[in-house]
Amino acid sequence: MKPLVEVRGLTIEFPMRAGLLRAVNEADFVIPEGQITALVGESGSGKSTMASAIMRAIAVPGRVAEGSIHFDGHDVMSLSKKQLQSYKWEQAAMVFQAAQNALNPVMRIKDQMVETFRAHSKTLTEKQMLDKARSLLDYVRLEPDRVLNAFPHELSGGMKQRVMIAFSLLLDPQLVILDEPTTALDVITQAYIFDILTKIHKDMNITMLLLTHDIGVVAKVADRVGVMYAGNVVEAGGVYDMFKRPKHPYTAKLMKAVPSLYHDLAEREGIPGSPPDLLNMPPGCPFAPRCELAHDKCRASSPAKVYSSAGHEVACHLYPNASSISEVRTS
Ligand code: SF4
């Protein structure tokens, strides 16, 4: 498993009137090359902030306070302005949440795509740009000429989302990050879009990072999954292992909360309590106030991450070392 992206000890802070908010807190995370990795967690867990940091696009006044991000071995935090321009879109592209709204409402899709090309490539002719745009629109199962000549308001939500996916592929990036790519779309369109994404991943061998709170989607498309809680990646591993043998009590509870066609809905249970206030984090493990396995040590010190030989990693005091890693059982 060769890492394309390696995040180590990443802390991202936002100075607020009420104090310093740590949206990401000493997080470690790896995106293996050629795989689909999913990052799951409740709203506010830090998924989007971590992804924005990978793109060097943290919203002001946020800042990386500590840690490192490497892309294909290169330090993302120290890229020059010029290097950053080619890094974005040409090496890593991101489809932001509610990305349909990112389209310029007063420009035809054709002009927006050409503008993006021109910002990065000085050698392509307009015909070459449009040929590439057409082939990508065709790839995401849209009628290329109709869509190229359309204004965004002439397209449905699902069509706009597919346009944004085509946009992300314009400059042949190695990595595409998709932040909740099907939010606000109906379930049939969601399935259609994930079908397209899986095909793109296979045919173009593009590494993908999928940010979602939809565990069902993760099971369907991802190879690897990381679980974020209160700004930290508390568990990560192969998708089968994570679903079948979750190690962290929060992951186990998340899996139990997922509705299933095969099990009695009454057996599903939510996770009691709420995520901690990031401005007033409790001492010790941030999940302790909601964890039925919490003990004294949990309330006193943060657990360190432990790595198993099978590529599974977990941060919980139940696992003091790699040989102690086993499936957790919660009621
Ligand atoms: Fe629960 Fe303690 Fe593990 Fe935190 S460290 S998840 S409180 S058992």
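Because the model is predicted, local features are reported only at pLDDT of at least 70 and side-chain atom pairs only at pLDDT 80 or more, whereas totals for chains, interfaces and linings use all residues. Residues are numbered from 1 along each chain as its sequence is written, and side-chain values use heavy atoms, with hydrogens and water left out.

Two strands are said to pair if DSSP finds at least two bridges between them.

Strand β1 (residues 3-16) can be followed along both of its partners. With strand β2 (residues 19-32), β1 pairs in the antiparallel sense over ten bridges. P3 faces P32 of β2, and M16 faces G19 in that strand.

Next comes helix α1 (residues 47-54). Seven of its eight residues are buried, so the helix is largely enclosed by the rest of the structure. Burial is judged by relative accessible area: buried means under 20%, exposed over 50%, and partly exposed in between, with a 1.4 Å probe and protein chains only. The buried residues of α1 are K47, T49, M50, A51, S52, A53 and I54. Just beyond the helix, R56 adopts a positive phi of about 50°. The loop between α1 and β4 also contains P61, and the peptide bond from V60 to P61 is cis, with omega near 10°.

Strand β3 (residues 36-40) is another enclosed element. Five of its five residues are buried, so β3 too is largely enclosed by the rest of the structure. In a regular strand the side chains alternate between the two faces of the sheet. Both faces of β3 are covered, with I36, A38 and V40 buried on one side and T37 and L39 buried on the other. Strand β3 runs parallel to β8, to which five bridges join it, and parallel to strand β9 (residues 224-229), to which four bridges join it. T37 takes part in both pairings: it stands opposite L209 in β8, and its bridge partner in β9 is R224.

In the loop between α6 (157-169) and β7 (175-179) lies D172, whose phi is near 50°, a positive value in a residue other than glycine. D172 has a relative accessible area of 55% and is therefore exposed. N205 occupies the loop between α7 (187-204) and β8 (207-212). Although N205 is not a glycine, its phi is positive, at about 50°. N205 counts as exposed because its relative accessibility is 55%.

The last stop is the ligand, which sits in the largest cavity. A cavity is a set of points on a 1 Å grid over the protein atoms alone where a 1.4 Å probe fits but cannot get out. A molecule sits in such a space if more than half of its atoms lie within 2 Å of the grid points. There are 13 residues around the ligand, and C285, C291, C298, C316 and H317 come nearest; a residue is near a molecule if one of its heavy atoms lies within 4 Å of it. The shell is made up of eleven nonpolar residues, two polar and no charged. In this grouping, Ala, Val, Leu, Ile, Met, Phe, Trp, Tyr, Cys and Pro are nonpolar, Asp, Glu, Lys and Arg are charged, and the others, Gly among them, are polar. C285 is buried because its relative accessibility is 12%, and C316 is likewise buried, at 10%. The structure holds zero disulfides, a disulfide being a pair of cysteine sulfur atoms within 2.5 Å.

Terms used:
Helix = DSSP H or I, 4+ residues; strand = E, 2+ residues; numbered from the N terminus. 1 Å grid on protein atoms, 1.4 Å probe; cavity = no way out; pocket = protein on both sides within 12 Å on 5 of 7 lines; lining within 4 Å.
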